[in-house]
Amino acid sequence: MNARRRRSRHLTALLALLALAAGSLAVGSAADAATVRTKVFELNACDQFGRDPACDSTAAQRADVVASSVLTAGSDVVTLQEVCRYTYDRLLQRLGTAWHGTFFPTVTIGDDRCAPGARSWGVALLVRAAAPTNVTATLLPNPLGESERRYLLCGDVVLGTAVRVCSSHFSVQSAASAEQVTAVGSRLATHASGGGAAILGVDANIDVRACAAAAALRPLYSSTFGGTSTTGCQTGTGVMVEADQARTGGDGTYDAPTCGTRKCDYVFFTRNRWAADHRGVTTSLWVSDHRVLRGQATLSW
Amino acid sequence: MDGGVPARRPGPGRRLRAGASLLGVATLLVACATPVEPVASRPTGAARLDGTPFAGLSACGSRPFVAVVRGFTTAGESAEGPGSSPSSDILGVRQDGSVTPVTNDLGSYAFGLADDGATVYASPTPDVAPAARAAPADGVLAIDLATGRRTPVLQATDVGEVAPAPDGSTLALTLPPADVPPDTGTPSPALVDLPAAANPRRLAPPATSRAATVATASRDLTWSPDATRLAFVVTLPDAAQEVRVTDTTSGATTTLHHVDATVALQSLDWSPDGTALLAAEGRAPSASGRSRDRAVEIDATTGRATVVLRGVGGDLAYSAADGSHVTAIDNGGSVPVARTWARDAGGRFVLTASAAIGAAADLVAADRIDIPRCAMR
């Protein structure tokens with residue numbers, strides 16, 4: 001066999017090998033889903049300077065502390081309630097250009113808690129990704145005719161794959177918050193029925209640690225939950241799993257309080273899009289009377 | 001001498017060995033002893049730490065209270081105002097530390113106590129969000145502390161702070177600009193002579209180059225004892241804060257103290273002799289959680305600030321006629337605690353009294369302590 005023929009046979013063999021390798025890779029990609037660990041930072045920021053001695057730090061101090069905490073935790077989603085527009089803007093600036101978000105003013109306030117910012121105060125969501133699209137602020141039920149309305153703020157982002165991130169703050173009065181839970185649960189269920197993945201960071205003003213009160217959260221939770229034991233005392237009718245919800249193989253600490261002795265704050269993930277490896281951790285920040293809830297779980301697509 | 005056999009004195013060698021042994025024992029005792037912390041200096045004549053933080057004040061004649069505070073109750077926490085703010089009432093404090101509501105409608109008042117301890121001038125916070133109001137609903141009331149009688153003093157849109165002059169002849173207020181929609185624009189200090197027959201007059205803008213920075217908000221109004229100067233805190237566009245003082249006769253305003261955006265000026269109080277301003281500076285705690293708040297006295301002439309108390313923030317007020325005591329409400333625990341400090345020989349304040357306050361009134365927090373000059377001894 002002359003040299004030319006040997007080179008030709010070698011080349012053929014090499015090409016065959018390459019084709020085989022490419023084929024193997026193709027088969028492997030189809031079988032292995034992509035995943036990303038989603039890390040959510042949920043906080044009622046308590047922007048109440050001059051209005052509440054429990055939260056007597058300025059908007060600027062608050063923004064700087066939250067930014068530091070977000071970066072330290074390596075979070076990639078932030079959901080906030082009771083936050084000044086100024087705090088949101090300053091926070092975004094501190095987090096850096098990789099971060100984008102959206103703010104919605106839920107009420108016009110009549111004081112200067114947000115100084116040097118304008119009197120704009122509400123809810124917000126921020127992501128370490130491109131700016132949210134399809135941003136909506138849905139007015140929630142107001143059965144008691146409260147002067148301060150409640151909203152569900154949502155936006156579509158890409159965190160590995162398409163995710164809808166939402167932030168909300170329900171009423172203090174249980175008759176109102178219960179209806180708001182139902183409304184939000186319904187919207188999340190509709191979204192999930194289409195295969196969507198959603199995150200909800202919320203100050204629900206409902207204590208899941210109290211069994212009787214926890215019943216109001218059923219439209220959000222998708223399985224057993226509530227109380228202070230791992231067995232749960234309520235059964236959900238919704239589609240979400242909460243980051244600090246008890247589960248087999250969890251960290252052993254669940255439904256940790258976020259506002260005094262109660263759990264008011266939640267990070268929900270769409271159950272059938274995130275793995276059953278969720279985890280929630282709470283930490284205190286001196287600028288708020290709520291603890292930060294860091295919720296994380298693995299999203300696959 | 002009683003006639004007994006005299007004791008024999010030990011010889012020099014034995015005295016030396018005994019001395020060495022005693023020295024060794026003494027050294028051992030010192031080495032094993034628990035270290036003793038240096039005793040914090042206490043001012044001469046100051047009481048030991050006791051449970052009566054208001055005992056150094058005295059009632060002003062027949063007036064019922066030695067101080068007033070803004071009080072938050074469990075009910076107030078549930079009855080949130082627009083922007084989820086807890087609602088509050090004005091409470092009067094007696095010499096024994098007991099409290100009694102001055103208002104009980106959760107009106108979330110901004111208020112100031114006249115120096116005769118007889119009248120609180122108060123402006124309620126509307127319970128309806130500004131955008132939802134059909135008409136401006138604001139003004140100032142004079143509340144007689146003895147009878148509870150309320151008398152309208154003036155009607156104005158979106159009154160913020162309220163501070164009566166020591167002689168009761170003038171009210172200092174923060175008001176938004178007159179020609180803008182409600183709850184827009186930058187509130188600034190204004191004066192109205194009592195009785196309020198004329199419109200409030202705005203204070204002149206500051207004169208110094210630094211003070212030329214337009215403030216975005218003004219608060220914590222406090223009058224000098226001679227009623228010639230008004231001090232207040234402003235927030236600047238870069239989130240820095242300043243203490244400014246206005247001569248109410250000439251209208252000239254100067255900046256006395258400046259802090260950057262990492263500090264919150266939480267309270268301001270003029271010293272009884274008019275030579276200094278007491279300011280509480282709220283700061284982020286250390287990494288270990290230690291409070292870095294502090295109180296400073298700012299010389300009213302030079303602006304020099306001296307740290308007089310560390311680890312204390314919130315609302316601080318002078319509580320003695322010679323400026324030797326300050327009082328504050330600590331809301332860091334599960335119940336509010338009133339504390340009083342006395343000045344030591346070095347000029348710093350040391351804690352002398354501490355007691356929970358307002359348990360009978362279901363208080364969960366209290367601040368904005370206001371002590372009339374007539375109650376200070």
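This is a predicted model: local features need pLDDT of at least 70, side-chain atom pairs count only at pLDDT 80 or more; totals for chains, interfaces and linings use all residues.
**View 1. A salt bridge between Asp367(B) and Arg70(B).** We start with a pair whose closest N and O atoms are 2.8 Å apart. The two residues sit in distant parts of the chain, Asp367(B) in strand β24 and Arg70(B) in strand β1 of chain B, 297 residues apart. Asp367(B) has a relative accessible area of 6%, so it counts as buried. Arg70(B), at 7% relative accessibility, is buried as well.

**View 2. Arg294(B) meets Glu281(B).** Here, too, the side chains join in a salt bridge, at 2.8 Å from N to O. Arg294(B) belongs to strand β18 (residues 294-299) and Glu281(B) to strand β17 of chain B, so the pair ties together parts that are 13 residues apart in sequence. Arg294(B) is partly exposed, with a relative accessible area of 24%, whereas Glu281(B) is buried, at 1%.

**View 3. Salt bridges in chain A.** Arg51(A), Asp111(A) and Arg113(A) form one network through salt bridges that share partners. Elsewhere, the side chains of Arg164(A) and Asp156(A) form a salt bridge of 2.8 Å, N to O. Arg164(A) is buried at 12% relative accessibility, while Asp156(A) is partly exposed at 26%. Over all chains, the count of salt bridges comes to 21.

**View 4. Helix α2 of chain A and its surroundings.** This helix covers residues 59-73, 15 residues in total, and reaches 21 Å from its first C-alpha to its last, close to the 21 Å expected. Its buried residues include Ala59(A), Ala63(A), Val66(A) and Val70(A). For readers tracing such a pattern, an α-helix has 3.6 residues a turn, so residues three or four places apart point the same way. The cover over the buried residues of α2(A) comes from both chains: it includes β1 (35-44), β2 (77-84), α3 (85-95) and β14 (292-300) of chain A, together with β16 (264-270) and β17 (276-282) of chain B. Just after the helix, look for Gly74(A), which takes a positive phi of about 70°.

**View 5. Strand β12 of chain A, covered on both faces.** In this strand (residues 265-270), 6 of 6 residues are buried. Asp265(A), Val267(A) and Phe269(A) lie on one side, with Tyr266(A), Phe268(A) and Thr270(A) on the other. Strand β8 (residues 198-203) of chain A runs antiparallel to β12(A) and is joined to it by 5 bridges. Strand β11 (residues 240-242) of chain A is also antiparallel to β12(A), with 3 bridges.

**View 6. Val239(A) and its contacts.** Val239(A) is found in the loop between β10 (234-235) and β11 of chain A. With a relative accessible area of 22%, Val239(A) is partly exposed. Its contacts beyond four places in sequence include Leu188(A), Leu220(A), Tyr221(A) and Phe269(A). The C-alpha atoms of Val239(A) and Ser186(A) are separated by 9.1 Å, although the residues are 53 apart along the chain.

View 7. Strand β21 (residues 325-330) of chain B pairs with β22(B) in the antiparallel sense over 6 bridges, and Ala328(B) stands opposite Arg339(B). These two strands form a hairpin with 6 residues between them. Strand β23 (residues 349-356) of chain B is antiparallel to β22(B) too, with 7 bridges, and here Val337(B) faces Ala356(B) as its opposite residue.

**View 8. An open sheet in chain B.** Four strands follow one another in the order β8-β9-β10-β11, with antiparallel pairing. At the edges stand β8 (162-164) and β11 (201-202), each with a single partner strand, so one side of each has no neighbour in the sheet. Between β8(B) and β9 (residues 170-175) there are 3 bridges, with Val162(B) opposite Leu173(B).

**View 9. The interface of chain B and chain A.** Chain B gives 42 residues to the contact and chain A gives 30. The buried area is about 2,500 Å², with 52% from carbon and sulfur atoms. The elements of chain B that give two or more residues to this side are β1 (67-73), β12 (217-223), β16 and β24 (363-370). Across the interface there are 13 residue pairs in polar contact and 0 salt bridges.

Terms used. Residues are numbered from 1 along each chain as its sequence is written. Chains are lettered from A and ligands numbered from 1 in the order in which they are written. Side-chain values use heavy atoms; hydrogens and water are left out. The expected span of a helix is 1.5 Å times one less than its number of residues. Buried means under 20% relative accessible area, exposed over 50%, partly exposed in between (1.4 Å probe, protein chains only). Contact means heavy atoms within 4.5 Å. Two strands pair if DSSP finds at least two bridges between them. Buried area is the accessible area (1.4 Å probe) that two parts lose on being put together, summed over both. A salt bridge is a side-chain nitrogen of Lys or Arg within 4 Å of a carboxyl oxygen of Asp or Glu. A polar contact is a pair of N or O atoms within 3.5 Å; within protein, one must be able to donate a hydrogen and the other to accept it, and residues adjacent in sequence count only if both atoms are side-chain atoms.
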